[in-house]
Amino acid sequence: MKYVIALLALLLPVAAYAQEEAVAKIFAKRCAECHGADLQKPKKGIKVTIPPDAKLVTPGKPDDSPLWKAIRSNEMPPDNPMPDQEKTVIYNWIKSMGEKPAEKPAAVPAPEPPKGNTLKAIGKFHVIVIHFPIALIFAAVFAEIWGRIRPGAWQDTAVSYCVYIGAIGAVMACSLGFLYGIGRNVGEHQLFGFMGASLFVATALARICYGRSWQFTTLLAVTALVIGYAAHLGGVLVHGSFLLL
Ligand code: HEC
């Protein structure tokens, strides 16, 4: 939407310029010989120019403008009346002068991102750090499934490694997320992010206390779902709703 308004804001002056060009051609062809700006003695002391003499044109009100009245009544130009198509150009030109560009929606300034202090600036690292715990939880899930199918020391170590490092990363990312969220409308992303980080820590504790166990596996699965949903909500905040779900 912002871009549409910006584009309109760019096109309006172009359209206005094209319109003035057309009007200038008509004036040059039909009026200049008697009312030209360069004439010493224009007819009736009237110079037909762009921008027009305030006595000849009331901006936005053709019917109050002597210039349009003279053209409408075929009084001007005196000998051969102006074709309707050219009359329309003049009429629209005067009409459009009433539109004040300042009142166009383009004048609405784009919302500024919240002004940052140091804490909020640090919070920006949330967007980078967050990828590590997300990747690690799914790496842990993958190694856990593998280990369930084909138990082995290697799979066990991989699960523990991913869960411990991931839990630390989740706490860091969550803390940074709270800083990053200051002054922003982040909705449920914050809630699910916090739940995900807490569950991640609980999963790491379960790993320490119970080792390879169904308690751990269940917690890991729930954590992965919550983190996945929080990540989806975060993705929506950054990229819009078309990603993932
Ligand atoms: C051939 C010469 C000639 C041309 C071409 C001509 N005018 Fe005039 N114009 C006159 C004369 C002469 C008068 C004075 C008429 C009068 O006082 O009755 C006049 C008067 C006017 C007036 C004042 C009318 C009024 O009622 O007081 C306007 C406005 C005007 N011209 C606009 C134009 C415009 C716009 C054009 C081009 C589209 C144009 N004229 C082309 C000769 C010309």
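Ala, Val, Leu, Ile, Met, Phe, Trp, Tyr, Cys and Pro count as nonpolar here, Asp, Glu, Lys and Arg as charged, and the others, Gly among them, as polar. Keep that colour scheme handy for the tour. What you have open is a predicted model, where local features need pLDDT of at least 70 and side-chain atom pairs count only at pLDDT 80 or more, while totals for chains, interfaces and linings use all residues. Residues are numbered from 1 along each chain as its sequence is written.

**The whole chain**

Start with the protein chain in cartoon view: it has ten helices and zero strands. Helices (H or I, at least four residues) and strands (E, at least two) are DSSP runs, numbered from the N terminus. Walking along the sequence gives α-α-α-α-α-α-α-α-α-α.

Now colour by burial. A residue is buried if 20 or more other C-beta atoms lie within 10 Å of its own, exposed if 12 or fewer, and partly exposed in between, with C-beta atoms placed from the backbone. Of the 245 residues in the protein chain, 24% count as buried.

Two residues are in contact if their C-beta atoms, placed from the backbone, lie within 7 Å. Among the contacts with a separation of 6 or more, 63% link residues 24 or more positions apart.

Next, a helix pair. Two packed helices are described by the angle between their axes and the distance between the axes. Axes are lines fitted to C-alpha atoms, for helices over the stretch in contact, and angles run from 0 to 180 degrees between N-to-C directions.

Select residues 153-180 (α8) and 188-210 (α9): their axes come within 9 Å and cross at roughly 150 degrees. That makes α8 roughly antiparallel to α9; angles under 35 degrees count as roughly parallel, over 145 as roughly antiparallel, 65 to 115 as roughly perpendicular and the rest as oblique. The crossing of α8 and α9 is left-handed, meaning the near helix is turned anticlockwise from the far one by less than a right angle (right-handed if clockwise). Show side chains at the contact, including S160, V163 and Y164 of α8 and Q190, G193 and F194 of α9. By class, this contact of α8 with α9 has eleven nonpolar, seven polar and one charged residues.

While you're in α8, click T157, which sits in that helix. Is T157 buried or exposed? It counts as exposed because it has 12 C-beta neighbours inside 10 Å. T157 and A140 are 17 residues apart in sequence and 9.9 Å apart in space, C-alpha to C-alpha.

**α10 and its partners**

The contact of α9 with α10 divides into 17 nonpolar, seven polar and two charged residues.

Last stop: α7 (residues 131-149), whose axis comes within 10 Å of that of α10, crossing at roughly 145 degrees. Again, α7 passes α10 in a left-handed crossing. Select I134, I137, F138, A140, V141 and E144 in α7, which meet T217, L220, T223, A224, I227 and A231 in α10.
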